[in-house]
Number of protein chains: 2
Amino acid sequence: MPFQLTILGSNSAVPANGRFTTAQVLQVKNKLYLIDCGEGTQTRLGDYNISRRERIEQIFISHLHGDHIFGLPGLLTSFSLNNRKAPLTIYSPAGLQEMIEAILKYSYSHLSYDLKFVVVPTNKSVQVFDNKDITVTTIPLNHRIPTTGYLFKEKEKVRNIRPDKIEEYNIHYSKINAIKNGGDFTTEDGKVIPHKEITIAPPLPRSFAFCSDTTYQESIVPIIKGVDLLYHETTYMEDAKESAAKYGHSTAKEAATIAKMAGVGKLICGHYSSRYGDLTPLEEEAKSVFPNSELGLEGKCVTVAARRVE
Amino acid sequence: MPFQLTILGSNSAVPANGRFTTAQVLQVKNKLYLIDCGEGTQTRLGDYNISRRERIEQIFISHLHGDHIFGLPGLLTSFSLNNRKAPLTIYSPAGLQEMIEAILKYSYSHLSYDLKFVVVPTNKSVQVFDNKDITVTTIPLNHRIPTTGYLFKEKEKVRNIRPDKIEEYNIHYSKINAIKNGGDFTTEDGKVIPHKEITIAPPLPRSFAFCSDTTYQESIVPIIKGVDLLYHETTYMEDAKESAAKYGHSTAKEAATIAKMAGVGKLICGHYSSRYGDLTPLEEEAKSVFPNSELGLEGKCVTVAARRVE
């Protein structure tokens, strides 16, 4: 079952240096979750072969600055021009519904599908979405305007029955549910086979935290503790620490410090200032603090492999 | 003095087949006039080396469908992020100001320059702009919503004085203005040199008509009569004539018929339906009626050379 992040845009503020403004897609099983939607997101979805867009049923928006949302009008109306029927829900801080409704009204746009808006808090960590696969929880961030990150976490699964054991003990299918629910199995001659012997541990729940835009915030560490994948903005390097503080952003070193404190699996950098054409020094700055750091760049896919631990 | 059109987007409705939604830039002398602004226009301006964006002081919008305006939020705020100071005026049918103001409000955007909106009529041909170089006149079109084309026309210039004649007759600079205003020149020994001998004809005023989106409208022929360059939408081919009528568009044959009736210099096709991957048949359809037709495609520049006629 895939758990895969694709970067659609890695630059901050404006498109520059061949990079685009923020958008990412997280695939969990066969569902796609769009996170932020900078201008041109619909084009990048095509560029990176994310063609089955009907599978995007939720969009999570961190904040209402243009470089995170100006792709929405085009994406939402293109869905409609392609006669989308699947409903769509957008999670965001307050104000987005009013903006989108004005855009749809004045551009004479009528959507072919149901569009729903959910306003999420930006000052506390609460679960805002769940389905059978995942939960999504907000991560309060500190930017110039109300901003939230999102923690995507797979749900815990029950242990799986081992096919080889079904055969070995000739287990009737009527017994499967009881075993799945934690029961042992008793053979016809009365021998008890312990639950653990006939099942294997489920895959560990995988997790991804999206944290942009924000200053250095140690308060997020408990929320993102131990995530497999952390995207944390690295708009600047330490040489521009003052700009980072002034504009509500982080440096690569600060992001890596958060990654280290939270003991995450991997840090993905992004939301780069246009002043950085070559990002190698920025990546090195992150790696100097947290070695398993890498650059998020347009088209990059990062997969979290399934792991089982007995 | 250049008079040059650059195509930034040639597809209709949605980006597809490597093509983008409508935007064009007309350069006249050192000024740039942006016409429509589909999503990603700011990126294409960079792609095609139109970097001195401060020279765009006017934007002309044909109508408020998203594929003609969804690049505005990004462009307008990027101007500001680059600390633009030059004022900007947007000409469009009614409603755009309300939409843009809602977008700026909810995205917490504050512009660094003065932005002015001018509502233009869509039911009559009137001059809506002029400066020392050009006039811009509306062209009423027939689409599903209020839509206007724009006729860009260089102003007539006075005859220029020939430098060789200044030398030959030793003309004092104090006499120049009188000659420019149509006077003859009298030499010291009383010989009258006729105005025409010491001046040359000014370049002929060049003109460009932008006509999108529209059904086949013979009523525009008198307005665009004899323009050097006509951009007329060719969303469909004749095989989809019914779709053209249904959605308020034209076929390549229809556009070429208008070009022929108006006796234009060259027809530029565009606003192609996504159904056409290969546009060769569409170009052939236009050429079969009006041979001097060509495809408008992203990055294409079409220059109208200066001509003088005595």
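Angles under 35 degrees count as roughly parallel, over 145 as roughly antiparallel, 65 to 115 as roughly perpendicular and the rest as oblique. Keep that handy for the exercises below.

Before you start: this is a predicted model, where local features need pLDDT of at least 70, side-chain atom pairs count only at pLDDT 80 or more, and totals for chains, interfaces and linings use all residues. Residues are numbered from 1 along each chain as its sequence is written, while chains are lettered from A and ligands numbered from 1 in the order in which they are written.

**Exercise 1. Work out how helix 10 and helix 11 of chain B sit against each other.**

Step 1: find the helices. Helices (H or I, at least four residues) and strands (E, at least two) are DSSP runs, numbered from the N terminus. In chain B, helix 10 covers residues 252-262 and helix 11 covers residues 280-289.

Step 2: get the geometry. Axes are lines fitted to C-alpha atoms, for helices over the stretch in contact, and angles run from 0 to 180 degrees between N-to-C directions. Here the two axes come within 8 Å and cross at roughly 30 degrees.

Step 3: name the arrangement. Helix 10 of chain B and helix 11 of chain B are therefore roughly parallel.

Step 4: A crossing is left-handed if the near helix is turned anticlockwise from the far one by less than a right angle, and right-handed if clockwise. Helix 10 of chain B passes helix 11 of chain B in a right-handed crossing.

Step 5: list who touches whom. Two residues are in contact if their C-beta atoms, placed from the backbone, lie within 7 Å. From helix 10 of chain B come B:Ala252, B:Lys253, B:Ala255, B:Ala256, B:Thr257 and B:Lys260, and they meet B:Leu282, B:Glu285, B:Ala286 and B:Val289 of helix 11 of chain B.

Step 6: sort them by class. Ala, Val, Leu, Ile, Met, Phe, Trp, Tyr, Cys and Pro count as nonpolar, Asp, Glu, Lys and Arg as charged, and the others, Gly among them, as polar. This contact splits into six nonpolar, one polar and three charged residues.

**Exercise 2. Describe how chain A meets chain B.**

Step 1: count. On chain A, 28 residues are in contact with 28 residues of chain B.

Step 2: find the elements. Helix 1 (41-47), helix 2 (66-69), helix 3 (72-81) and helix 4 (96-106) of chain A each give two or more residues to this side. Helix 4 of chain A gives the most, with six residues.

Step 3: check the classes. The side of chain A that touches chain B has 15 nonpolar, eleven polar and two charged residues.

Step 4: Helix 4 of chain A packs against helix 4 (residues 96-106) of chain B at about 165 degrees, with the axes 9 Å apart. That makes these helices, one from chain A and one from chain B, roughly antiparallel. Helix 4 of chain A passes helix 4 of chain B in a left-handed crossing.

Step 5: look at the residues. Among those of helix 4 of chain A that meet helix 4 of chain B are A:Leu96, A:Met99 and A:Tyr106. The contact divides into ten nonpolar, no polar and two charged residues.

**Exercise 3. Trace the two open sheets of chain A.**

Step 1: The twist averages 20 degrees from one strand to the next.

Step 2: pick a pair from that sheet. Two strands pair if DSSP finds at least two bridges between them. Strand 1 (residues 3-9) and strand 2 (residues 23-28) of chain A run antiparallel and are joined by six bridges. One bridge partner to spot is A:Ala23 in strand 2 of chain A, which partners A:Gly9.

Step 3: move to the other sheet. Seven strands of chain A form it in the order 7-8-9-14-15-16-17, again open and with mixed pairing. The edges are strand 7 (127-130) and strand 17 (293-295) of chain A, each with a single partner strand, so one side of each is left without a neighbour in the sheet.

Step 4: finish at strand 17. Strand 16 (residues 266-269) of chain A pairs with strand 17 of chain A in the parallel sense over three bridges. A:Ile268 has A:Glu294 as its bridge partner in strand 17 of chain A. Helix 11 (residues 280-289) of chain A lies across both strands, running at about 165 degrees to strand 17 of chain A.
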